[in-house]
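Here is a short report on how one chain is built and packed. The sequence and the model come first, then the contacts, the elements and the surface.

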Amino acid sequence: MIVLGIILLILGFIFGIPILWTIGIVVLVIGLVLLLLGSTGRAVGGRRHYY
């Protein structure tokens with residue numbers, strides 16, 4: 001999710017599409033939250049690691 005968020009941010013910046021920029025930020029934040037929860041050993045959705 002983190003990589004997808006970064007790709008959407010870059011595409012939104014290059015093409016000047018604000019909705020891609022917004023979706024990229026949201027996906028990136030969700031990916032970082034899942035990464036933090038997974039790295040602390042807390043299982044989220046039945047998985048311990050999110051890549």
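Leaving aside its neighbours within four places in sequence, L28 is in contact with I2, G5, I6 and L9; contact means heavy atoms within 4.5 Å. L28 is found in helix 2.

The model is predicted: local features need pLDDT of at least 70, side-chain atom pairs count only at pLDDT 80 or more, and totals for chains, interfaces and linings use all residues. Residues are numbered from 1 along each chain as its sequence is written, and side-chain values use heavy atoms, with hydrogens and water left out.

**Two helices**

The chain has two helices and zero strands. Helices (H or I, at least four residues) and strands (E, at least two) are DSSP runs, numbered from the N terminus. The spans are tabulated here; the expected value is 1.5 Å times one less than the number of residues.

| Helix | Residues in helix | Span, first to last C-alpha | Expected span |
|---|---|---|---|
| Helix 1 | 14 residues | 20 Å | 20 Å |
| Helix 2 | 22 residues | 32 Å | 32 Å |

Just after helix 1, G16 has a phi of about 70 degrees. After helix 2 comes G41, with phi near 90 degrees.

**Buried and exposed faces**

Buried means under 20% relative accessible area, exposed over 50%, and partly exposed in between (1.4 Å probe, protein chains only). In helix 1, the buried residues are G5, L8, L9 and G12. They cover an arc of only 100 degrees around the axis, so they sit on the same side of helix 1. The arc is that of the directions from the helix axis to the C-beta atoms. On the face turned away from this buried side, V3, I14 and F15 are exposed.

In helix 2, which spans residues 18–39, the buried set is G24, V27, L28, G31, L34 and G38. Their arc is only 130 degrees around the axis, which puts them on the same side of helix 2. P18 and L36 are exposed on the other side of helix 2. An α-helix has 3.6 residues a turn, so residues three or four places apart point the same way.

What do the buried residues of helix 2 pack against? They pack against helix 1, residues 2–15. In turn, the cover over the buried residues of helix 1 includes helix 2.

**W21 and the aromatic pair**

W21 lies in helix 2. Not counting residues up to four places away in sequence, W21 touches L8, L9, G12 and F13. The C-alpha atoms of W21 and L11 are separated by 7.7 Å, at 10 residues apart along the chain.

The structure holds one aromatic pair. The ring centres of F13 and W21 are 6.4 Å apart and their planes meet at 45 degrees, so the pair is tilted. Rings of Phe, Tyr and Trp (its six-membered ring) pair if their centres lie within 6.5 Å; planes under 30 degrees apart count as stacked, over 60 as edge-to-face and the rest as tilted. F13 is exposed, at 65% relative accessible area. W21 is partly exposed, at 38% relative accessibility.

**The chain as a whole**

Of the 51 residues of the chain, 22% count as buried. The chain exposes about 3,800 Å², and carbon and sulfur atoms supply 78% of that area. Accessible areas come from the Shrake-Rupley method with a 1.4 Å probe; for residues, only the protein chains shown count as cover. Among contacts between residues at least 6 apart in sequence, 25% join residues at least 24 apart.
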